[in-house]
Amino acid sequence: MHDHDEHDHGHDNHFSEIEARVKALETVLTQKGLIDPAAIDVIVDTYETKIGPRNGARVVAKAWSEPEFADWLRSDATAAIASLGYTGRQGEHMRAVFNTPETHNLVVCTLCSCYPWSVLGLPPVWYKAPPYRSRAVIDPRGVLDEFGVTLPEGQKIRVWDSTAELRYIVIPERPADTEGLDQEALADLVTRDSMIGTGLAKLVGEAR
C-alpha cells in the first residue's frame, strides 16, 4: 500500500486541494489585471516540456554513452543522477529502468501524481488524470497505442507504480545510427514521454 503522505488525495477529483487554491488565486489575480494567463501558460509549458525534461535527457544520453554510468544508474540511480546536479524535492529517491528489445517500461502513479520533477520537470496533465492512472495498469498496450507507440508483439510491458518514496525514470533504447553523436546531440533525441514510457526516443533527423 502506498504512503503518499505528501499529497492531499482527492483521488478522482479534477484538482487536488493545492491545485484548486492555485486556480482560485490565478483567477483573482487575472481579474485584478495583475497577471496574464497566457504568459503563465507559456512559462508552465517551458518547464513541463523543455527545461525540466532536458535534465533527464542528459541523464539518458550519458547512460547511452558511458557504460560505467549506466551501471551506476542501475545500482544507485539517486546518486548517479545527483552527480549531475539534479537533486531536490520530488527526486530524492530514484530508480532507473532500462528498456530493452524484450521489455518496455511504463511509469504511472496509481494513487495521485508522484513524478520526478528534478529530471522531468512538471508532470503533464494526462499523467495526473484518473483515466491514465487506471488504464496504464489495466491495458498498458492500449494506452501506448493511443500515444502512437506500437510495440512488437513479443515485447512485454512492465508497469512501475511511482510513489512518494520512489520515483522512476525510463531509459529508452538508444536509436540506431547514433554512434557518432556527442551527448548533447543524443540528448536532443530523448523526449519527456520516452522517459515516462509513453514514447520512444527520436530517430536521427527527427530532433529539432
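Buried means under 20% relative accessible area. The model shown in these views is predicted.

**View 1. Ser113 sits in the loop between S2 and helix H4 (117–120).** Ser113 has 19% relative accessibility, so this residue counts as buried. Which residues does Ser113 contact, leaving aside its neighbours within four places in sequence? They are Tyr127 and Lys128.

**View 2. Strand S2 (103–108) is mostly covered.** Six of the six residues of S2 are buried. Thr103, Asn105 and Val107 point one way from the strand. His104, Leu106 and Val108 point the other way. Both sets are buried.

**View 3. S2 pairs with S3 in the parallel sense.** The pairing runs over six bridges. Strand S3 spans residues 156–161. One of its residues, Asp161, is the bridge partner of Val108.

**View 4. Helix H6 (residues 130–138) has buried residues Tyr132, Arg133 and Ala136.** Seen down the axis of H6, these buried residues fall within an arc of 100°, so they line one face of the helix. Pro131 and Ile138 lie on the other side of H6.

**View 5. Helices and strands cover the buried residues of H6.** The cover includes strands S2 (103–108) and S3 (156–161). It also includes helix H5 (125–128), helix H7 (140–146) and helix H9 (192–196). S2, part of this cover, also pairs with S3.

Key: Residues are numbered from 1 along each chain as its sequence is written. This is a predicted model: local features need pLDDT of at least 70, side-chain atom pairs count only at pLDDT 80 or more; totals for chains, interfaces and linings use all residues. Side-chain values use heavy atoms; hydrogens and water are left out. Buried means under 20% relative accessible area, exposed over 50%, partly exposed in between (1.4 Å probe, protein chains only). Helices (H or I, at least four residues) and strands (E, at least two) are DSSP runs, numbered from the N terminus. The arc is that of the directions from the helix axis to the C-beta atoms. Contact means heavy atoms within 4.5 Å. Two strands pair if DSSP finds at least two bridges between them.
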